Each structure stands twice: as C-alpha cells, then as structure tokens.
Amino acid sequence: MTDTSGSEDAVVIERTLEAPIGLVWQMWTQPEHFKAWYGPTGASVPVANMDVRVGGSRLVCMEMQTPDGSMQMWFTGEFREVVVNERLVYTDAMSDEDGNVKSPAEMGMPEGHPETTEVIVQLEDLGDRTKMVMTHVGVPADSGGAGGWAMAFDKLVAYIETAGS
C-alpha cells in the first residue's frame, strides 16, 4: 500500500489491493458495494444512486453523527469516462438531496474551493491483485478531503476482505 500526493490541487492515492480487478471495479460502480466503504471513518452512505455510463448521473449521501445530531452531505456528478475494469472518471459537486449543485460558500467551504471537482480512478490488473490510482482534482493534497479518502480506502481494504470471500 502506498499513498502518494501529486500536485497541491489534487489528492493522489495509489494502493495495491488484494483483490482481482473485476471486484475492485464493482466497489466503485455497484451502489451496494460503494455504500459499504465510501467516506471517512464514522460516515455511512445511505444513498448511492449511480447510472454508470458516459453522461450518466450520480447522487450520493454521506451521513455522519455529530454532537448536534445526524448531518448529511449530498454530492452529485456525471460520469465522463467509463472503461470497464480500467478507468472511471466522474465529476463531484456538493448538492442538495435532489442533486441541485450548491456553491462551496453555501456549504461553508473556504474561499477558492471549486464548485465541481473531478475524480479519476485508474485500475491495473496484477493477477489476483489490483493497482488502483485515485486522483481527486480540485481537492488540495493537504486538506481534510485527502484524509477522508485515506480513511475510505482503509475501509475499502477491510470490506474487500469480506466481499471477496
């Protein structure tokens, strides 16, 4: 497992997963799998609607418990590239539960945060293992988003162990 950071305005994480490429692809593209691992430690994903095709939409709800109760964050986007078992590219923007994009300022994000970011997932078949490189363009490498992805991938590794058996 290797986590690496590229440019300052992108999170780049590379991991070699102990799972065949087809299973790793399903983790990103099948809602029941995606909901099981996505988000930082402590977060759950009650909604993951994904029309995985070029031009298809995605709507994801991430929920966390806070001292003030449950907090939901919604994200919407569009699939831009879908090459099965190889490459997945989608946009990601904060939204309401209907998929209407909300500005970063409306969501309490710092000035300069982009309204829409792009996630690129590149997979490489290593036999019984898979090299995965995820790049989230528009999210600073030293941000909380980077830490959230690292925690999500730790959850992914644990989930793959149960899903693959």
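User: A residue is buried under 20% relative accessible area, exposed over 50% and partly exposed in between. In this predicted model, is Arg 80 buried, exposed or partly exposed?

Analyst: The relative accessibility of Arg 80 is 46%. A residue counts as exposed over 50% and as buried under 20%. The value for Arg 80 falls in between, so the class is partly exposed.

User: Which residue forms a salt bridge with Glu 118, and which strands hold the two partners?

Analyst: The closest N and O atoms of the pair are 3.0 Å apart, and the cut-off for a salt bridge is 4 Å. Glu 118 is itself partly exposed, at 21% relative accessibility. Its partner in the salt bridge is Arg 80. The pair ties together parts 38 residues apart in sequence, because Glu 118 lies in strand E6 and Arg 80 in strand E4.

User: How many salt bridges does the structure hold?

Analyst: Among them are the pair of Arg 15 with Asp 154 and the pair of Glu 124 with Lys 131. The structure holds salt bridges to the number of 7.

User: How many residues apart are Arg 15 and Asp 154, which form a salt bridge?

Analyst: The closest N and O atoms of Arg 15 and Asp 154 are 3.0 Å apart. Arg 15 belongs to strand E1 (residues 10–17), while Asp 154 belongs to helix H3 (residues 144–163).

User: What is the distance between the closest N and O atoms in the salt bridge of Glu 124 with Lys 131?

Analyst: Glu 124 is partly exposed at 40% relative accessibility, and Lys 131 is partly exposed at 26%. Their pair counts as a salt bridge because the limit is 4 Å, and the closest N and O atoms are apart by 3.9 Å.

User: Are helices H1 and H3 parallel, antiparallel, perpendicular or oblique to each other?

Analyst: The axes of H1 (residues 21–29) and H3 come within 11 Å and cross at roughly 125 degrees. Roughly perpendicular runs from 65 to 115 degrees, and roughly antiparallel begins over 145. The crossing is right-handed. H1 and H3 are therefore oblique.

User: How many nonpolar residues does the contact of H1 with H3 have?

Analyst: From H1, Leu 23, Val 24, Met 27 and Trp 28 take part, and they meet H3 residues including Trp 149, Phe 153 and Ile 160. By class, the contact has no polar and no charged residues, and the number of nonpolar ones is 10.

User: Which residues is Asp 128 in contact with, leaving aside its neighbours within four places in sequence?

Analyst: Asp 128 sits in the loop between E6 and strand E7 (130–137). Its relative accessibility is 68%, so it counts as exposed. Beyond its neighbours within four places in sequence, Asp 128 is in contact with Glu 18, Ala 19 and Pro 20.

User: What is the phi of Asn 85?

Analyst: Asn 85 lies in the loop between E4 and strand E5 (87–95). Asn 85 is partly exposed, with a relative accessible area of 29%. Although Asn 85 is not a glycine, its phi is positive, at about 60 degrees.

Methods. Residues are numbered from 1 along each chain as its sequence is written. This is a predicted model: local features need pLDDT of at least 70, side-chain atom pairs count only at pLDDT 80 or more; totals for chains, interfaces and linings use all residues. Side-chain values use heavy atoms; hydrogens and water are left out. A salt bridge is a side-chain nitrogen of Lys or Arg within 4 Å of a carboxyl oxygen of Asp or Glu. Helices (H or I, at least four residues) and strands (E, at least two) are DSSP runs, numbered from the N terminus. Buried means under 20% relative accessible area, exposed over 50%, partly exposed in between (1.4 Å probe, protein chains only). Axes are lines fitted to C-alpha atoms, for helices over the stretch in contact, and angles run from 0 to 180 degrees between N-to-C directions. Angles under 35 degrees count as roughly parallel, over 145 as roughly antiparallel, 65 to 115 as roughly perpendicular and the rest as oblique. A crossing is left-handed if the near helix is turned anticlockwise from the far one by less than a right angle, and right-handed if clockwise. Contact means heavy atoms within 4.5 Å. Ala, Val, Leu, Ile, Met, Phe, Trp, Tyr, Cys and Pro count as nonpolar, Asp, Glu, Lys and Arg as charged, and the others, Gly among them, as polar.
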